[in-house]
Amino acid sequence: MFNNKKIVINGIKDNDRMSTQALLQLIEEKVEEGYTDFEINACGQHDIGGSSWNKEGKELNFRITNPGQRVGGMARKGTNIYVEGSVPADVGWLNSGANIIVNGDCGDTAAHCAASGKIYVSGRVGTRSGALMKYDPKFETPEFWVLKNTGSFSFEFMGGGIAVICGYDCAGIKSVLGNRSCVGMVGGTIYCRGPIQGIAKCVDVIDLNENDKQFLTSGMKRFLSAIDKKGLADTLLDFTEWHKIIPLSTEEKTKKISVKDFRETQWVEGGIFGDFIEDDMSVFELAATGKGRLKQPVWNKEQCINCELCIKNCPNDAISKTEDNKYLSSDDKCIGCSICATVCPKNAWTMQNNKKEIS
Amino acid sequence: MTKVTINQLHKDDLPWIIEYDESKCIKCGRCSATCSFGAIKPAIEQRVKSGSISEKNKLEKVIVIKQEIGFANHCRGCGMCERVCPNGAIRAVRNTDDRYSIRYRSETAESVKKGGRSNLNTEGRTLDKIKVGRISQMTDPSLDALRHTFELKTPFGRVLSADKLGLNNENGKMIETKTLPPNRWIYPIIMGDMSIGAVSWRMWEAMAIATAYLNEVCGIPIRMCTGEGGIPSRLLKSKYVKYMILQIASGHFGWNRIIDAMPDMVEDPAGILIKIGQGAKPGDGGMLMANKVAKYVQEIRGVPKADLLSPPTHQGLYSIEESVQKMFLSMNAAFNFRVPVAIKVAASVTSVSVYNNLLRDPYNIVGGFFLDGLAAGTGAAHEISLNHTGHTITSKLRDCYKAAVKQGRQGEIPIFAGGGLGQTGSFAADAFKLICLGANGVFSGRLLLQIAGCVGNDTERCNACNTGLCPAGIASQDVCLTKRLDIDKVAQNLVNYILATDLELRKLMAPTGCSSLPIGRSDALITVDKNVADRLDIQYVC
Amino acid sequence: MCRIGAIKSKKNIRPSTALKLMRSQQEGHDDSGFAFVMQDIGGIFETYKDLPILSMAATIEGTRLAEDILHDIGFTRVLQWTPDINNKQGLKINPMPNYIFEVLAYPKSHKYATKEEKEQLLVDTSIRLRKALDENHSGYIYSFWNDVLTLKEIGSPKDIGTYFNLWDDDNELCAKIITAQCRQNTNYGIVRYAAHPFFLEGYTVLANGENTFYEKNRLYQEGLYKGYLGFESDSQCFLYSLHYVNKILKWPLEYFMHTVFPLSYNDIDKRNGTEKEILLRIKASLSHLSANGPNTVLGVLPSGNLICVCDPKKLRPVVIGRDSDTVIMTSEVAGINDLMPNRDLTKDIYPKEREMIVVDDNLKIERIVQ
């Protein structure tokens, strides 16, 4: 560390506050000059600690007080950020590899879109924290460790990465993940300790397996040492109160009884018209045979001259002649097209309306 | 040869002409077997046998399919023949030179009757000229239609202003000091209101099943209005009656059975709708032709098999005040003032006065105002009513809403708008826009039939609901036809359509930043039509 | 998104504290304006707690017009205070010719008037003044009420502070409650009346957000009460709803939340019978007062209690920090860090969605979850 060039920057001088732009340009200038250790006493300036790198590949170290939004936003691997005190929204936004420690609370949307690196928080984090965290297999899995709890709507649309919410000092809190957590979550894993309520339906809450416990044990030690709370290890590594949350697959999300099954099992038995109508709910096709016919042919022996034109022209071979010269139309074959009646020279076939009211 | 005289009815008088290609026809008879109107039949035609022209009388007989020429059995263009033909040999073609309505009137001395919908030109439909133009992007973030929570619920029932709620602050604790008119929170879409008789028992039950399923399985608190044809006791006595809005119209059909069932009812109905008028034929009563008055319809309605023409008004109602006294009071009393009672009227130039009258009703017992526009459909009507009477829904809804705003009473009597919604393809958009213009919700009937397989449309296709010969088994009481309808498929399709509409409504609520219904949020709408902008008081854009 | 803050203290605080509170939140506003309301006033106004203070900015003509109206009604001037103006070059400010802060005595006709009658006189006078000033574009009246002083100006908060010498810690303006906003101007025009905080009859409201149900709120509120005027900002709707629910309907405070952010039907359905019935009645009856969109609302009640309410999605930031004699509510923790660097961080409160925080005169904090 003795090689490191160190500089202190104050964000406010004699009542004159530096704008975010001026502060960030100054930091960038100093990074260019080879400074690697920054102590920044900010006055709410945004984006401190983000997307800088040392030309020789040395790590950049930031120690910050009172930053504004997005401290460590878009920060790269090789950046170490330590914030003393509580910070506003968007800590570690789009974190792309930095180690970020906040010794205090975080505002809303902490770790939003974090894609790699580690974010450690010694307090609580705000609404929508962990939203859209992601995992790119070419990079280290992002990790987001919070000692206390999150605000509501946390981990919305989460796509990957690991979040650990330790639920410390949360007595009386109904849900350590707030309300409506995990809405739209499609990937990643959340470990949390303590009660959870109102979680979205698209995820499953399951017990920890051995790998999970191993991960938490080793990770917890690093986390607690970073926030200087090693003494909590025993409390936090009692796995009885931990849950693991993973997204459900699409099929699991859309299971529903069919309307047909609903009718058959839950609807009024026998149908609401059952007092009036016997209806087995079978369906007639168009141009149906049998009872589905709109018309059916009737044979009149007196008129028949045995010309067999009906037999010859019936498109469905429905008409047959018995040995004693009776003509029959088969209900199973006849669709009631009335060709027989049309071709009959003597009206021996007439069409009878099969249409009738239900009784 | 048959004699042909000029005064006979001819094929070219009819609205649809059967186009038939004998060379493709295999004489399978499927088309004539399927046609519910009897509009086509097999026939014998003569053809010249191929051969020498010097020989005489060399004709042969062939079977063909021929169009019937008549008022009762003319082709309605339903297209079933085309559906069943294996070879594409037959189809119905619109006759643009038809003289049907002239011929019909001059031959029968009757007015033309039909079912279906009004045939106003749908081009330039007001709702289609309106877009949702206020998109939240930055300061008020858009929401995610699929994943965020939205509340698609609206009050149904009389709402009182806050100072009349009977809520008192007693040492920091709120207490209620009086009973208020009933009020329910329901989905902003109401299915209905089509009567048993007008539609087949399968169609009606499918709607009821879909309603129950949407409530019980999908958590969508949609309600169905029964129409005025009575309700089967089995439904009245089941728990599902809580999703039903019971209708009473001038015929009062089926109400004796409802009264009879009361001691056995395990749930209150969702509401009662007093139908005064309907958009398709304003000023006209219900009409059910005898051929649809099946035995069970006779029983439920308490009538013989005859044309059932309900009077245009409720006998004994001479004024709005009277209707409040008689109908509303009685209907409220029927369920001991636990069930919201609403009124349905056809949109009219006078709708605002009616609405104002109801708003001023001192008894506060009018729980909803259903306003039905002229593009609505019906099971049967005189064509003259269907095509030439009525009032468009959009501006009239807006007028009623603004009349309420003027008095600071918007929302006190929830307005439900209907009539031709989804006509040009998007029900959700129509519903959303009407809600922004001041509706609490919408209702739709005809669209449900189309979902179920009805092939009728705005340009005179089919529209034969009045005949009882509905080829889809929807507007029929005939066994063979009704059984064409697959009850499970229809119910499933209805459910799916509502689910899709629900998603689409959220797709409009989300970008406008609304997590609850945007009732009266006309600031979200824009139009490129200056007249529409001026009339509806929304932003004109170009 | 603008930045808002509310400070309540057992000691007198000066406008410079409000400026400092907002300074670190600079990136959240756009130099389009700064406004504050002081209540429970100390310093030169301390001895006039029972008399109304008129806060206005006007042209010379407007000033005269206002004086005529006040004279006509019978008000008499007791004290006039004018800020020291530092009109140095280059300040980003768009000042009015006159700033009037004066203590007035009630007309003789109101010598034996009840508190309510006096309040009505103040409301009616404010409305009359406003209408007259609006008519010839000659000024703005911000508040006319006992123990309340309002300043609103267009420009850079820092420069507005300089112009009025507000950075000066010896400034004679001080109070135990200050609410302030630095503006981020959104879709409604830059007008002084659109700057938060808004004041009506003892209620002060400032909001960070956007009320997408502005139009329907406005249409309903316009007919509710004569004092519901202006509507230059969609956030005024919150003030009027708070006033309507708490003052006119006399409902307990938490029903403000139930009115502007009604619970969903499903959530209400889970409540017990009476509560359910009450909440459903309100939800239906006042549906036109429900707001939508992202909003954090801060306010001061006639009792001097501070409140903070967050929308159902908690789409806007707010944090509350405190020490033994001061409570600060503001958009971002950076502001509190500047003013109270040594407070106990674990005592900070991050209000949740659908939560109301109430701070009373003893700085006791009550959290009411809807």
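Modeller: The discussion below treats chain contact, domains, sheets and backbone geometry. This is a predicted model, in which local features need pLDDT of at least 70, side-chain atom pairs count only at pLDDT 80 or more, and totals for chains, interfaces and linings use all residues. Residues are numbered from 1 along each chain as its sequence is written, while chains are lettered from A and ligands numbered from 1 in the order in which they are written.

Biologist: How many residues does the contact take from chain B and from chain A?

Modeller: Two residues are in contact if their C-beta atoms, placed from the backbone, lie within 7 Å. By that criterion, chain B contributes 48 residues and chain A contributes 41 residues. Elements are DSSP runs numbered from the N terminus: helices are H or I of at least four residues, and strands are E of at least two. Among the elements of chain B that give two or more residues to this side are β2 (40–48), α5 (201–216) and α16 (487–509). The most comes from α5(B), with 6 residues.

Biologist: Into which residue classes does that side of chain B divide?

Modeller: Ala, Val, Leu, Ile, Met, Phe, Trp, Tyr, Cys and Pro count as nonpolar, Asp, Glu, Lys and Arg as charged, and the others, Gly among them, as polar. The side of chain B that touches chain A holds 24 nonpolar, 9 polar and 15 charged residues.

Biologist: Which domains does the assignment give for chain B?

Modeller: Domain bounds come from an automatic or database domain assignment. For chain B it gives domain 1 (11–110) and domain 2 (129–158 + 172–540). Their C-alpha centres lie 41 Å apart, and 8 residues of domain 1 of chain B are in contact with 9 residues of domain 2 of chain B. On the domain 1 side, these residues divide into 4 nonpolar, 3 polar and 1 charged. Chain A is assigned domain 1 (6–253) and domain 2 (281–353), with 82 Å between their C-alpha centres.

Biologist: What is the strand order of the open sheet of 11 strands in chain A?

Modeller: Two strands pair if DSSP finds at least two bridges between them. The order is β1-β4-β5-β6-β7-β8-β9-β10-β11-β13-β12 (chain A), and the pairing is mixed. At the edges stand β1 (6–10) and β12 (203–206) of chain A, each pairing on one side only. Angles run from 0 to 180 degrees between N-to-C directions, and axes are lines fitted to C-alpha atoms, for helices over the stretch in contact. Neighbouring strands of this sheet are turned by 15° against each other on average, direction ignored. Within the sheet, β8 (residues 116–121) and β9 (residues 143–146) of chain A run parallel and are joined by 4 bridges; A:Y120 has A:W145 as its bridge partner in β9(A). Helix α1 (residues 20–32) of chain A lies across β1, β4 (37–41) and β5 (60–65) of chain A, at about 170° to β1(A).

Biologist: Why is one side of each edge strand left without a neighbour in the sheet of chain C?

Modeller: That open sheet has 6 strands in the order β7-β2-β8-β1-β14-β13 (chain C), with antiparallel pairing. Its edge strands, β7 (148–153) and β13 (319–322) of chain C, each have a single partner strand, so one side of each has no neighbour in the sheet. The hairpin of β13(C) and β14(C) has 3 residues between the strands, and 4 bridges join them.

Biologist: Which way do the residues of β13(C) point?

Modeller: In a regular strand the side chains alternate between the two faces of the sheet. C:V319 and C:G321 point one way from β13(C), C:I320 and C:R322 the other, and all are buried. A residue is buried if 20 or more other C-beta atoms, placed from the backbone, lie within 10 Å of its own, exposed if 12 or fewer, and partly exposed in between.

Biologist: Where does the backbone call for a closer look?

Modeller: Most residues other than glycine have a negative phi, and most peptide bonds are trans. A cis peptide bond joins B:G192 and B:D193, with omega about -15°. Another cis bond runs from C:H196 to C:P197, with omega near -5°. A:D169, not a glycine, has a positive phi of about 60°; A:D169 is partly exposed, with 13 other C-beta atoms within 10 Å. Phi of A:D317 is positive as well, near 50°, and A:D317 is exposed, with 10 other C-beta atoms within 10 Å.
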